[in-house]
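The sequence and structure are shown first.

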Amino acid sequence: MRIGIDFGTSYSAAAARVDGRLELIRFDGAPQFRTAVFFPEQIPNPEDFQLTPALAAQVESLLRASRQQRAQASETQLRRDAVRVVRRQWMEEQARAESTVAERFQQALFGEAAVEAYLDEGGGHLIESPKSMLGYRLDAPVRKVIVNIAAHILEHMRLAATRQLGVPVRGAVIGRPVAFRSSMGAAGGTQALELLREAAGMAGFDEVSFLEEPAAAAMHYHLQLPARQRTLIVDIGGGTTDLAWAELGGGEAPRIHRSWGLARGGSDLDIGLNLHSFMPHFGKDATRVPAHHFVEAASVHILPKQREFRQQDYRRIDEPFGARLRALQEPGATTRLNRLAERIKIELGEAAQGRASLDFIEKGLAVDVDRDGFLQGAGDFLGRLRQLLVQAREDIGEAPAGIFLTGGSSRSPHLRACVQDSFPEVPLVRGDASLGVVSGLAEAAAG
Ligand SMILES: Nc1ncnc2c1ncn2[C@@H]1O[C@H](COP(=O)(O)OP(=O)(O)OP(=O)(O)O)[C@@H](O)[C@H]1O
Ligand SMILES: [Mg+2]
């Protein structure tokens, strides 16, 4: 049995075609879950080696012994060697701890439950949106963690599908963005597919293929169109925005002519709001803290950036900013702040004003955000989205008969207005914002 898998930056879903009808796989009763995993314990990272008091004591005792044995060697040389020995022993202990990784994975929680457990427990390890990191330059240990996590999520989906469908699920058509989020240009996309393939193999899939997400959404819309028409598919997700130009409906096979991708999505609106409206309350533009620290704090999905932010020393920063930054370094605080940014972004679709209470940073601290503030924070993303639409319009050279909108961010009236502005004469068709892609992937998996 083959299923369609939408491994989304923000939400993941799976579906299959069974006896000619679409069956959505349920996760705790819902047709999708937050792409997040929580492990109760910290995952060791060999790069985290630091001379703790205990390790420093080991160095001292080695030094004492070696001073007697190697009287000619310099103190610097002896110290360097002692640190090297202690570091090697530490690495070996870490490697032994790695063997228990499998056990840790057994205790994993997924979806919203993962985020809640992380915030409640104030410890452990939360990985949200691992898809955002697949195209990043990763050192070997982080690469291993990311592949393991993707494998774990895919296995969670495979097992849920196997249980629900009552047959072993061994194959999948997995959605992929036209352009992955990447720190290495096109090479990031190649790496992302490699990692996903590796993870799918570990998750027990024998046969895997990939389909561009907007092409999948097109296959889904195709089935609803009685007459043939040329349609632009616009999928605005959490991490990426994907377009496809397709000829659909009318009983013939769908034809995808071309696609475009922007490696930005709704999560960039959260980061924009966070930087523009929240971070000034943490001293952005008001202290000597370099601007990139605030970007690192807001980039909750990029583990190396989060680690860098946590390692900064804010003891000498003017108050109240120093204390607020130190509170933001506490486990879970950046995640909480990002959650508030996302919530306000969604509220500002309907309301003129939103308020975030930052009690977890400082008692009584609250931030008001209005639409203007939101739009300023969203400026970069909105500009790029406009450019993408103008490019598509030029490349197509004609007005589509319709624009089919999908993706969670297409719920935003600001983003819909942006699409409509670029194609004023074209009717917008709002599809299921969450399930358009996975439904099409299920069609492809059945075909
Ligand atoms: N009402 C809303 N207004 C604005 N944004 C919303 C709304 N509801 C959800 N979103 C945003 O939609 C995004 C998630 O969309 P979706 O589930 O399509 O993403 P995804 O498929 O996980 O990501 P991708 O396809 O980029 O990998 C999130 O950024 C979320 O904040
Ligand atoms: Mg998506």
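**Helix packing and nonpolar cores**

In this predicted model, Ile271, Asn274 and Leu275 of helix H8 are in contact with Phe294, Val295 and Ala298 of helix H9. By class, the residues of this contact comprise five nonpolar, one polar and no charged.

Two packed helices are described by the angle between their axes and the distance between the axes. For H8 (residues 266-278) and H9 (residues 291-298), the angle is about 135° and the axes lie 10 Å apart. The two helices are therefore oblique to each other, and their crossing is right-handed.

A second pair is formed by H5 (residues 140-165) and H6 (residues 186-202), which pack at an angle of about 55° with axes 8 Å apart. This angle makes H5 oblique to H6, and H5 passes H6 in a right-handed crossing. From H5, the contact involves Arg143, Val147, Asn148, Ala150, Ala151 and Leu154; these meet Glu194, Leu195, Leu196, Glu198, Ala199, Ala200 and Met202 of H6. Nine nonpolar, one polar and three charged residues make up this contact.

Attention now turns to the nonpolar cores. The largest contains 52 residues, and those with the most contacts inside it are Phe278, Met279, Phe282, Leu328 and Leu358. Helix H13 (residues 371-396) supplies the largest share of this core, nine residues. Beyond its neighbours within four places in sequence, Phe278 is in contact with Leu273, Leu337, Leu340, Ala341, Ile344, Ala356, Val367 and Val369. A second, separate core has 46 residues, among them Phe39, Phe110, Val142 and Ala151. Ala151 is also one of the H5 residues that meet H6.

Conventions
Residues are numbered from 1 along each chain as its sequence is written. Chains are lettered from A and ligands numbered from 1 in the order in which they are written. This is a predicted model: local features need pLDDT of at least 70, side-chain atom pairs count only at pLDDT 80 or more; totals for chains, interfaces and linings use all residues. Side-chain values use heavy atoms; hydrogens and water are left out. A nonpolar core is a set of buried Ala, Val, Leu, Ile, Met, Phe, Trp, Tyr and Cys residues joined through side-chain atoms within 4.5 Å. Buried means under 20% relative accessible area, exposed over 50%, partly exposed in between (1.4 Å probe, protein chains only). Helices (H or I, at least four residues) and strands (E, at least two) are DSSP runs, numbered from the N terminus. Contact means heavy atoms within 4.5 Å. Axes are lines fitted to C-alpha atoms, for helices over the stretch in contact, and angles run from 0 to 180 degrees between N-to-C directions. Angles under 35 degrees count as roughly parallel, over 145 as roughly antiparallel, 65 to 115 as roughly perpendicular and the rest as oblique. A crossing is left-handed if the near helix is turned anticlockwise from the far one by less than a right angle, and right-handed if clockwise. Ala, Val, Leu, Ile, Met, Phe, Trp, Tyr, Cys and Pro count as nonpolar, Asp, Glu, Lys and Arg as charged, and the others, Gly among them, as polar.
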